[in-house]
Amino acid sequence: MELVQQQAQKQVLSQGLRRSLEVLQLPQTELEGYLQEAVLSNPLLEMELPQDLHLPDPEGEPARALAEREADTWEASDSESAAVWDLPADSAWEGSAGEDFTDRLADPHAQGEKLTDALAEQLLHMPRLTDGMRRLCQYLIECLNENGFLEFDLADLAREQGVPLFDMEQALYILQDLQPAGVGARSLTECLVLQLARTEYFNPHTLRLVQPDGLELLAKGDMSAIVRLLECSQADARQAAAAVRALNPRPAQGYGTGSELACQIPEAVFRLEDGRVHIELNGRLARRLTLDEQNCALLQTAGSEQDRQYLREKKNEAQQLIRAVQERENTIVRLLRTLADCQQGYFVRHEPLQPMTLTQLAEQLGLSLSTVSRAVQGKTIQFEGRSIPLRRFFTSAITAADGASVSSENVRRHIVRFIQAEDPRKPLSDEALRAALEAVQLPVSRRTVAKYREELGIPSSSARRRAAR
């Protein structure tokens, strides 16, 4: 056996950096409990109520135009195909053609156990996991979006964590083996394949049908084309279609954010004053942490070395937490200022949201994509009496007929407007909505229309017709 000594450069997250990322991800309500527990367990920490915090809007500072960058393809890709999974006729929807769907533009999350908590609980029951692999799995869990998908490149995440790509791939493999099936997928097709692999319908026909072109045909209900695509009998094609329709395109569906949106404490209040956006940080729950100087003095007078060592450790923990809370506030402040600047038309003139992605914001702030994702996760702002999730402000770009870029939020608003104006006895089909959008210079596919309609909680035309009777 030959012993070989090698040198390798490896980035390892310090305890302080891990604490900063953990604090950054917490929304206001959870941060309050987290800080209270920290103060109770650390005799060197004090917490006091701060004065109201305001973000000054520098006089004469011009609004920065959003840089023209290639938009993320997540929302415009095959990440979802809502038409394949239309709401059933006996769904809980009780609306009518005249219902105001405007409020549905906010993210309608089901409430209950948080997906992140459910996944973390499953990791605890895997005793053979090393501490390092468990940490990577937990990191990936925190990077999941609201649908349970992983929208970040594994190579980027591996570089950020300072680990080999192979280790990150292994962590993803473990994550994708947890419940619910399909969690951790990077596309709709991968999500459905992960689910199929746990069923008796994992065969060449269903695997072919969950590809983008197969899902397109399934959304249209074109069984003849599906038969030709799969090169099989009508019966086999129908069985494959039924198996795919039984899958869940959103693994996180049924899990909550941990608290009702209406009960969440917003990070800040956006106000319009003299045609300008002013931002006021919410200080009702945010508290200022300080070191207890009297107890810190015990470091010099403690009787035994064991007592002094304990106090040194507690002081180090306290300083790490104080820095983490300060860094969280600084990051949120920078993010909110940039958000108000890029979406000034939305806040000042009530215009549709401009195309803006997490990638673009990360580039503007000079932060990593996963850091920005943590900063917006589960957080809201208050504007004109409404609580708005920060995630809502990030929309992909759709190229209009005149070549201009419009946000997917603009498409959603038009869908709501058209459905509100439809004849309840003759509701608009997804194809009719597509044609109407094309007429107003918003060319999108029928599948995209169905996807946005379902995200808004609006049933299919057949279900709306039945509800109108």
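Rings of Phe, Tyr and Trp (its six-membered ring) count as a pair if their centres lie within 6.5 Å, with planes under 30 degrees apart called stacked, over 60 edge-to-face and the rest tilted. In this predicted model, ring pairs link Phe-270, Tyr-346, Phe-347, Phe-383 and Phe-393 into a cluster. The model is predicted, and local features need pLDDT of at least 70, side-chain atom pairs count only at pLDDT 80 or more, and totals for chains, interfaces and linings use all residues. Residues are numbered from 1 along each chain as its sequence is written, and side-chain values use heavy atoms, with hydrogens and water left out.

**Aromatic pairs**
- The whole structure holds 6 aromatic pairs.
- Tyr-346 and Phe-347 form an edge-to-face pair, because their ring centres are 5.3 Å apart and their planes stand at 85°.
- Phe-347 also pairs edge-to-face with Phe-383, at 5.0 Å between centres and 90° between planes.
- This second pair links distant parts of the chain, 36 residues apart: Phe-347 lies in helix H15 (residues 344-349) and Phe-383 in strand E6 (residues 380-383).
- Helices (H or I, at least four residues) and strands (E, at least two) are DSSP runs, numbered from the N terminus.

**Burial**
- Buried means under 20% relative accessible area, exposed over 50%, and partly exposed in between (1.4 Å probe, protein chains only).
- Tyr-346 is buried at 4% relative accessibility, and Phe-347 is buried at 0%.
- Phe-383 is buried, as is Phe-347.

**Helix H18**
- Of the 14 residues in H18, 10 are buried, including Arg-412 and Phe-418.
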